[in-house]
Amino acid sequence: LCRERVVPVISPAGRDRLGTGAAPSAAEIARLPLLHLESRPRLWDSWLREEGIEDSAAFSGHRFELFAMVIEAARAGIGIGLVPTYLVERDLAQGELVPLAPVRDQTDGAYYTVQPEDAATSPLATAFRAWMAEEVETHPAS
């Protein structure tokens, strides 16, 4: 259906504490408290490498079991979460979180439809796949 898009997010108060009017550089982000998803331990490292930061503290920081916990920790001002955009659209729109860098397609993650082989020609399954593809195309995550 689509590739995973991620964005580094922080609470507005956390952003204010950075003390800069401009968005921080990737090197500055690497020195801030990073929030990690336990099941995706290389997510920050990959993001920072894509930004040209090889030698960083990409593996230091708090670890959480769920993206929802990473998001809540970012909202609470504990650090910066690197999360899929579709999970924080509402938080960003409502100002509960702010992005620290542009959205990136850099993860290895993607979303697929899967179905049993014997249902591959089902008109209902075909219509559902077409609808999902149209929804993703019409309403892509920022």
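**Overall architecture, central sheet and core of the predicted model**

Of the 142 residues of the protein chain, 35% are classed as buried, where buried denotes under 20% relative accessible area, exposed over 50%, and partly exposed the range in between, computed with a 1.4 Å probe and with protein chains only. The structure is a predicted model, for which local features require a pLDDT of at least 70 and side-chain atom pairs are counted only at pLDDT 80 or more, whereas totals for chains, interfaces and linings draw on all residues. Residues are numbered from 1 along each chain as its sequence is written, and side-chain values use heavy atoms, with hydrogens and water left out.

The protein chain contains six helices and seven strands, both taken as DSSP runs numbered from the N terminus, with helices (H or I) of at least four residues and strands (E) of at least two. Along the sequence these elements follow the pattern β-β-α-α-β-α-β-α-β-α-β-β-α. Taken along the principal axes, the C-alpha atoms fill a box of roughly 55 × 30 × 25 Å. Among contacts in the chain with a separation of 6 or more, 73% are between residues 24 or more positions apart, a contact being defined by heavy atoms within 4.5 Å. The chain exposes about 8400 Å², of which carbon and sulfur atoms supply 56%; accessible areas come from the Shrake-Rupley method with a 1.4 Å probe, and for residues only the protein chains shown count as cover.

An open sheet of five strands, with mixed pairing, has the order β4-β3-β5-β2-β6, two strands being treated as paired if DSSP finds at least two bridges between them. Strands β4 (62-64) and β6 (98-99) stand at the edges, each with a single partner strand, so one side of each is left without a neighbour in the sheet. Strand β5 pairs with β3 in the parallel sense over two bridges, and here L35 has G81 of β5 as its bridge partner. On the other pairing of β5, four bridges join this strand to β2 in an antiparallel arrangement, in which P8 stands opposite L82 and V9 opposite G81. Strand β2 also runs antiparallel to β6, to which two bridges join it, with V98 of β6 as the bridge partner of I10.

The burial of these two strands can be described residue by residue. Five of the five residues of β5 are buried, so this strand is largely enclosed by the rest of the structure. Strand β2 is likewise mostly covered, with five of its five residues buried, and both of its faces are covered, since V6, P8 and I10 on one side and V7 and V9 on the other are all buried.

Helix α3 (residues 43-50) has L43, W44, D45, W47 and L48 as its buried residues. The elements that cover them include β2 (6-10), α2 (26-30), β3 (34-37), α4 (67-75) and β5 (80-84). Leaving out residues up to four places away in sequence, L48 touches A26, A30, L34, I53, S56 and A58. Just after α3, G52 takes a positive phi of about 90°.

The largest nonpolar core has 29 residues, of which V9, I29, W44, W47, L48, V83 and V88 touch the most other members; such a core is a set of buried Ala, Val, Leu, Ile, Met, Phe, Trp, Tyr and Cys residues joined through side-chain atoms within 4.5 Å. Two or more residues of this core are given by each of β2, α2, β3, α3, α4 and β5, and the largest share, five residues, comes from α4. In soluble globular proteins, nonpolar side chains tend to be buried together.

Strand β7 (residues 110-111) includes Y111, which is partly exposed, with a relative accessible area of 27%. Apart from neighbours within four places in sequence, Y111 is in contact with L1, C2, E4, P84 and Y86. Between Y111 and E4 the separation is 107 residues in sequence and 7.0 Å in space, C-alpha to C-alpha.
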